[in-house]
Amino acid sequence: MGSQTDHKIPTVDFSNEENLKPGSDSWALACKQVRYGLEEYGCFQAVYDKIPTQVYDSAFLAAQELFDLPTETKIQKTSEIPGPNYVGQNFNLSVYESLVLDEPSTFEGTESFTKIMWPKGNDNFRESVRSFSKPVEELYQRATRIVFDSFGVGRLHESNMESTVFRLRLFRYNAPQANQAEEGLPTHTDVSFITVLHQHQVKGLQVKTKDDQYIDVKPNLSSFLFMAGDPFLAWSNGRARACVHRVMLEERKVRYSFGFNSFIKGLLHVPQEMVDEKYPLRYEPIDHYKFVNDVFADGGKRYSTNPIKATDV
Ligand SMILES: O=C(O)CCC(=O)C(=O)O
Ligand SMILES: [Fe+2]
């Protein structure tokens with residue numbers, strides 16, 4: 001359904017660190033591309049060939065096994081990090097379900113989640129999730145260094161990483177019944193700082209452009225879409241867009257996707273470099289956790305208003 005347009009989300013290959021040395025021409029080019037992507041679409045595509053095929057395959061099998069568990073088990077997951085954990089049959093959704101794991105690249109995070117789902121343990125599930133999340137976190141680290149540099153705030157990258165908490169949200173969408181496209185997830189922006197989205201084989205993700213067109217993001221084995229969330233928009237003082245996206249199901253196949261989300265502990269201040277005459281300061285410091293709490297304060301239903309407001313200048 002994505003229309004034929006001239007739009008093209010920029011793609012950067014992060015596979016080879018040697019080719020992306022700070023200060024090199026390729027670094028400067030990558031900075032240009034990610035910044036353009038974030039300003040124009042709220043996102044950019046990252047290619048990362050460091051993940052073996054079997055890691056994707058076992059993450060997919062792990063997701064299948066997880067969603068096959070009874071709803072009573074899946075709703076057991078709770079967290080200190082705000083936002084919904086299991087979303088699906090408990091909200092009478094029939095099209096899709098999702099479940100989130102905290103700190104998915106660590107042993108502790110994956111083990112405690114696994115123990116909730118399989119009290120007797122499930123080493124295979126734990127290791128499948130961890131083996132997928134570790135390289136994705138590495139990619140996140142590499143790509144966000146360039147993101148920060150592209151906005152002239154490379155000095156803040158390390159401290160931002162230290163305040164970052166990761167979550168991995170697994171999604172499962174039923175195959176559409178009729179021979180026509182069905183909405184899997186309505187148009188929205190994310191509450192994370194950044195979401196790194198990987199689609200497993202079946203297409204569906206679409207990004208909405210400034211001129212209100214939807215463009216397809218094609219699934220690809222080593223491709224990840226980096227999407228800016230609402231807190232990123234505020235942190236950039238309105239320079240970046242928050243990526244507006246939805247899921248449209250067209251293929252008559254069950255669809256799985258993986259959303260690797262970052263959340264920032266503590267206050268997120270708009271860096272002074274983001275403020276100038278063209279962009280006077282428009283956002284108060286953001287308490288990211290409080291923001292997520294406010295968004296879902298209506299009992300977990302999808303938010304209708306975005307509590308991060310720009311002040312008029
Ligand atoms: O399933 C998808 O491709 C998109 C999921 C999504 O919107 C998200 O992770 O924020
Ligand atoms: Fe999303």
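**Group meeting: a walk through the predicted model**

Let me start with Leu281, which is found in the loop between strand S13 (267-268) and strand S14 (286-287); helices (H or I, at least four residues) and strands (E, at least two) are DSSP runs, numbered from the N terminus. At 47% relative accessibility, Leu281 counts as partly exposed, given that buried means under 20% relative accessible area, exposed over 50%, and partly exposed in between, with a 1.4 Å probe and protein chains only. The C-alpha atoms of Leu281 and Ala30 are separated by 27 Å, and these two residues are 251 residues apart along the chain.

A word on conventions: this is a predicted model, in which local features need pLDDT of at least 70 and side-chain atom pairs count only at pLDDT 80 or more, while totals for chains, interfaces and linings use all residues. Residues are numbered from 1 along each chain as its sequence is written, chains are lettered from A and ligands numbered from 1 in the order in which they are written, and side-chain values use heavy atoms, with hydrogens and water left out.

Now to the sheet. Eight strands form an open sheet with mixed pairing, in the order S1-S2-S10-S7-S12-S5-S4-S3, where two strands pair if DSSP finds at least two bridges between them. Strand S1 (11-13) and strand S3 (86-87) stand at the edges, each with a single partner strand, so one side of each is left without a neighbour in the sheet. Further in, strand S4 (residues 96-102) and strand S5 (residues 164-173) run antiparallel and are joined by seven bridges, with Ser98 standing opposite Phe171 in S5.

Which residues coordinate the iron ion (ligand 2)? The donors are His188 (NE2), Asp190 (OD) and His245 (NE2), at 2.1 to 2.2 Å; donors are N, O and S atoms within 2.8 Å of the metal (3.2 Å for Na, K and Ca), and since water is not among the atoms, sites may look incomplete. The spacing of these donor residues in sequence is H-x1-D-x54-H, and both His188 and Asp190 are buried. The UniProt record, in an unreviewed entry, places the feature "domain: Fe2OG dioxygenase" at residues 164-266, although such annotations may be inferred rather than shown by experiment. In the model, that span is 6% helix and 50% strand, and its end C-alpha atoms lie 9 Å apart.

Turning to helix H2 (residues 53-67), its 15 residues should span 21 Å at 1.5 Å a residue, and its end C-alpha atoms are 22 Å apart, which agrees; the expected span is 1.5 Å times one less than the number of residues. Seen down the axis of H2, the buried residues fall within an arc of 160 degrees, so they line one face of the helix, the arc being that of the directions from the helix axis to the C-beta atoms. Among those buried residues are Val55, Tyr56, Ala59 and Phe60.

By contrast, Phe166 and Phe260 form a stacked pair, 5.0 Å centre to centre with 25 degrees between the planes.

Terms used:
Rings of Phe, Tyr and Trp (its six-membered ring) pair if their centres lie within 6.5 Å; planes under 30 degrees apart count as stacked, over 60 as edge-to-face and the rest as tilted.
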